[in-house]
Amino acid sequence: MRGWPTEKPNSGARSCYGRIHPFAFSPELSARVRDVSRRFNGTLFLVLLTGLATAMHRYEKGGDVVLGTLSPSGRKQSEVMDLLGYFLNPVTLRLNCGTQTTFAELLHHARGIVSDAISNDDVPIERLARALEGEEGFGSGPSPFFNVAVSLQPPTPDLGLPWSVTSMDVDSGGSPWALYLAFIDRPEGIIGRAQFNPDLFEIETIKGVLQELQCIFETICV
């Protein structure tokens, strides 16, 4: 998390406190972001991921950006395909932003990284953390692999029923990562929530990160 603006001093002890800050892209920007995903033959998630990686690269001033996402690994097993519940496994994505000179190149690079990560997501990240615990250079804390995560909730399908399904925020007071951007794709526009650790970030910092991210998409999606 080095280089992020106005970050609070890190005492070394990490808590799991969390706050939620909702945000939204305008309908015009949302349409342009979706258009870019079609133009570059990618998914909306890849475009959002690449935009966030670009913002992180600017802040961290380094070659590589490490962040995480959620992979539906449990759904690969036939025993749980018909079950309701949470079957998502966090995976780590390491993007080499320093060698990608254009957004299109970084998007192509991200596509390969995400594909490889999802193809090798069978081992729960908690088991991997236990296996590596004590190894030299391996991080510690609630999330030793990455501190920033991103996900995309796809549009809710039309069930042909007189009622609709929607999502709602439940503020648990906790946050699994220092910063987690959860995007939601809705017909009226892209919305989301930033779940962050207030021990590390001021709310104004998070608002600044989101503003920077929207500025990046305004520049890219012309």
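This is a predicted model: local features need pLDDT of at least 70, side-chain atom pairs count only at pLDDT 80 or more; totals for chains, interfaces and linings use all residues.

Q: Which elements have the lowest and highest mean pLDDT?
A: Helix α4, residues 125-132, has the lowest, at 77. Helix α1, residues 27-39, has the highest, at 95.

Q: How many helices and strands?
A: Five helices and six strands. From the N terminus the order is β-α-α-β-β-α-α-β-β-β-α.

Q: How much of the chain is buried?
A: Buried residues are 40% of the 222 in the chain. The accessible surface is about 12300 Å². Carbon and sulfur atoms account for 55% of that surface.

Q: And the contacts, what share joins residues at least 24 apart?
A: Counting contacts between residues at least 6 apart in sequence, 70% join residues at least 24 apart.

Q: What does leucine 49 touch?
A: Leaving out neighbours within four places in sequence, leucine 49 is in contact with Leu67, Leu93, Ala110, Val114 and Val150.

Q: Switching to strands. Why call β2 largely enclosed?
A: Strand β2 covers residues 64-71, and six of its eight residues are buried, so the rest of the structure largely encloses it.

Q: Does β2 run parallel or antiparallel to β3?
A: Antiparallel. Eight bridges join β2 to β3, which is residues 89-96.

Q: Which residue in β3 stands opposite glycine 68?
A: Threonine 92.

Q: Now aromatics. How many pairs?
A: Seven aromatic pairs. One of them is phenylalanine 23 with phenylalanine 25. That pair is tilted, with centres 6.4 Å apart and 45° between the planes.

Q: What's the geometry of phenylalanine 25 with phenylalanine 183?
A: Edge-to-face. The centre-to-centre distance is 6.1 Å, with 65° between the planes.

Q: Where do those two sit in the chain?
A: Phenylalanine 25 is in the loop between β1 and α1. Phenylalanine 183 is in strand β5, residues 179-186. They are 158 residues apart, and the pair links distant parts of the chain. Phenylalanine 183 is buried as well.

Q: Which residues make up the ring cluster?
A: Ring pairs link Phe23, Phe25, Phe183 and Phe217 into a cluster.

Q: What does histidine 21 touch?
A: Beyond residues up to four places away in sequence, histidine 21 touches Gly192, Arg193, Ala194, Phe196, Ile203, Lys207 and Leu210.

Q: And histidine 109, where is that?
A: In helix α3, residues 103-119. Histidine 109 is 8.8 Å from cysteine 97, C-alpha to C-alpha. The two are twelve residues apart in sequence. Setting aside neighbours within four places, histidine 109 is in contact with Arg94, Leu95, Asn96 and Gln100.

Q: Glutamine 195: buried or exposed?
A: Buried, at 12% relative accessibility. Glutamine 195 lies in strand β6, residues 189-196. Its contacts include Arg19, Ile20, Trp177 and Tyr180.

Q: How far is glutamine 195 from tyrosine 17?
A: They are 9.9 Å apart, C-alpha to C-alpha, and 178 residues apart in sequence.

Q: Last one. What is phi of asparagine 41?
A: Near 55°, a positive value in a residue other than glycine. Most residues other than glycine have a negative phi.

Q: Where does asparagine 41 lie, and is it buried or exposed?
A: Asparagine 41 is in the loop between α1 and α2. Asparagine 41 is exposed, with a relative accessible area of 65%.

Conventions: Residues are numbered from 1 along each chain as its sequence is written. Side-chain values use heavy atoms; hydrogens and water are left out. Buried means under 20% relative accessible area, exposed over 50%, partly exposed in between (1.4 Å probe, protein chains only). Helices (H or I, at least four residues) and strands (E, at least two) are DSSP runs, numbered from the N terminus. Two strands pair if DSSP finds at least two bridges between them. pLDDT is the predictor's confidence in each residue, from 0 to 100. Rings of Phe, Tyr and Trp (its six-membered ring) pair if their centres lie within 6.5 Å; planes under 30 degrees apart count as stacked, over 60 as edge-to-face and the rest as tilted. Contact means heavy atoms within 4.5 Å. Accessible areas come from the Shrake-Rupley method with a 1.4 Å probe; for residues, only the protein chains shown count as cover.
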